[in-house]
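Work through the exercises below with the viewer open. Try each task before reading its solution.

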Amino acid sequence: MALQALLQKREEDDILAVFWQKMIVDIIHPGRANVPKSELQEVVGGMFKADAKLTVLFGFRTKFGGGKSTGFCVIYDSEEALRKFEPKHRQIRSGFIEKKETSRKAMKEAKNKGKKVRGTGASIAKHKAKRAAGAD
C-alpha cells in the first residue's frame, strides 16, 4: 500500500502579511519502518498545492509497531517568509543555510571572552580602557 497523509489539526496564520499554514500530520506507511522527510515534503506539499521546498516537516514520531507516524508541518508562501520565521537549525536541515564549522576550543574561548565584559567585568573593562586612553 502507498503512503497516505492525513491532516489531524490545521492552523493558518497571517503574521505581518506573510501567510503560512501550521498543522499536525498523520502519515500512514504500512510495511515501512519510517519515511524520509524528502518524500513526505512532496506528499504533503502536493496535498496543499504548495512547493515541496517551502514545506517544513519536523518532530516526527513513529508509533509503536510502525506503520504510522505523527509530526508537525509548516507550509510557507514564499522563501523570504521561510527565511524570516523558520528557526536557523531547521533552515540548516532543509538546506537553506550552510552550517558554519567552529571548533570546540574556539567556542569556549569566545564564551570566556564574553564573560569578561559582562556584569561587573564590564566596569573593569571600561576602567582599563579609560586608563589605556589616558596613558596616550
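Rings of Phe, Tyr and Trp (its six-membered ring) pair if their centres lie within 6.5 Å; planes under 30 degrees apart count as stacked, over 60 as edge-to-face and the rest as tilted. The model is predicted.

**Exercise 1. Aromatic pairs**

Find how many aromatic pairs the whole structure holds, and classify each one.

Solution. 

Step 1. Searching the whole structure gives two aromatic pairs.

Step 2. Take Trp20 and Tyr76. Their ring centres are 6.1 Å apart and their planes meet at 25°, so this pair is stacked.

Step 3. Trp20 belongs to strand 2 (residues 18-28) and Tyr76 to strand 4, so the pair ties together parts 56 residues apart in sequence.

Step 4. Check burial. The cut-off for buried is under 20% relative accessible area. Trp20 has 11%, so Trp20 is buried. Tyr76 has 6% and is buried too.

Step 5. Take Phe58 and Phe72. The centres of their rings lie 5.6 Å apart, with the planes at 20°, so this pair is also stacked.

Step 6. Phe58 is in strand 3 and Phe72 in strand 4, so the pair ties together parts 14 residues apart in sequence.

Step 7. Check burial again. Phe58 is buried at 17% relative accessible area. Phe72, at 40%, counts as partly exposed.

Step 8. Look at what else meets the ring of Phe58. The charged end of Arg90 sits over this ring, 3.6 Å from its centre.

**Exercise 2. The hairpin**

Describe how strand 3 and strand 4 are joined, and what sits in the turn.

Solution. 

Step 1. Get the ranges. Strand 3 covers residues 55-62 and strand 4 covers residues 68-76.

Step 2. Get the direction. The two strands run antiparallel, with six bridges joining them.

Step 3. Pick one bridge. Thr55 has Ile75 of strand 4 as its bridge partner.

Step 4. Inspect the turn. Strand 3 and strand 4 form a hairpin with five residues between them. In the turn, Gly65 has a positive phi of about 95°.

**Exercise 3. A serine in strand 4**

Which side chains make polar contacts with the side chain of Ser69?

Solution. 

Step 1. Locate the residue. Ser69 is in strand 4. Ser69 is buried, at 7% relative accessible area.

Step 2. List the polar contacts. One joins the Ser69 side chain to the side chain of His29, at 2.7 Å. Another joins the Ser69 side chain to the side chain of Thr62, at 3.4 Å.

Step 3. Widen the view. Leaving aside neighbours within four places in sequence, the contacts of Ser69 include Val25, Asp26, Ile27 and Phe60.

**Exercise 4. The nonpolar cores**

Solution. 

Step 1. Collect the members. The largest nonpolar core has twelve residues, among them Leu3, Met23, Val25, Ile27, Leu40, Val44, Cys73 and Ile75.

Step 2. Sort by element. Strand 2, helix 1 (37-47) and strand 4 each give two or more residues to this core.

Step 3. Strand 2 provides the largest share, three residues.

Step 4. Not counting residues up to four places away in sequence, Leu3 touches Ile27, Val35 and Leu40, among others.

Conventions:
Residues are numbered from 1 along each chain as its sequence is written. This is a predicted model: local features need pLDDT of at least 70, side-chain atom pairs count only at pLDDT 80 or more; totals for chains, interfaces and linings use all residues. Side-chain values use heavy atoms; hydrogens and water are left out. Two strands pair if DSSP finds at least two bridges between them. Helices (H or I, at least four residues) and strands (E, at least two) are DSSP runs, numbered from the N terminus. Buried means under 20% relative accessible area, exposed over 50%, partly exposed in between (1.4 Å probe, protein chains only). A charge sits over a ring if NZ of Lys or CZ of Arg is within 6 Å of the ring centre and within 35 degrees of the ring normal. A polar contact is a pair of N or O atoms within 3.5 Å; within protein, one must be able to donate a hydrogen and the other to accept it, and residues adjacent in sequence count only if both atoms are side-chain atoms. Contact means heavy atoms within 4.5 Å. A nonpolar core is a set of buried Ala, Val, Leu, Ile, Met, Phe, Trp, Tyr and Cys residues joined through side-chain atoms within 4.5 Å.
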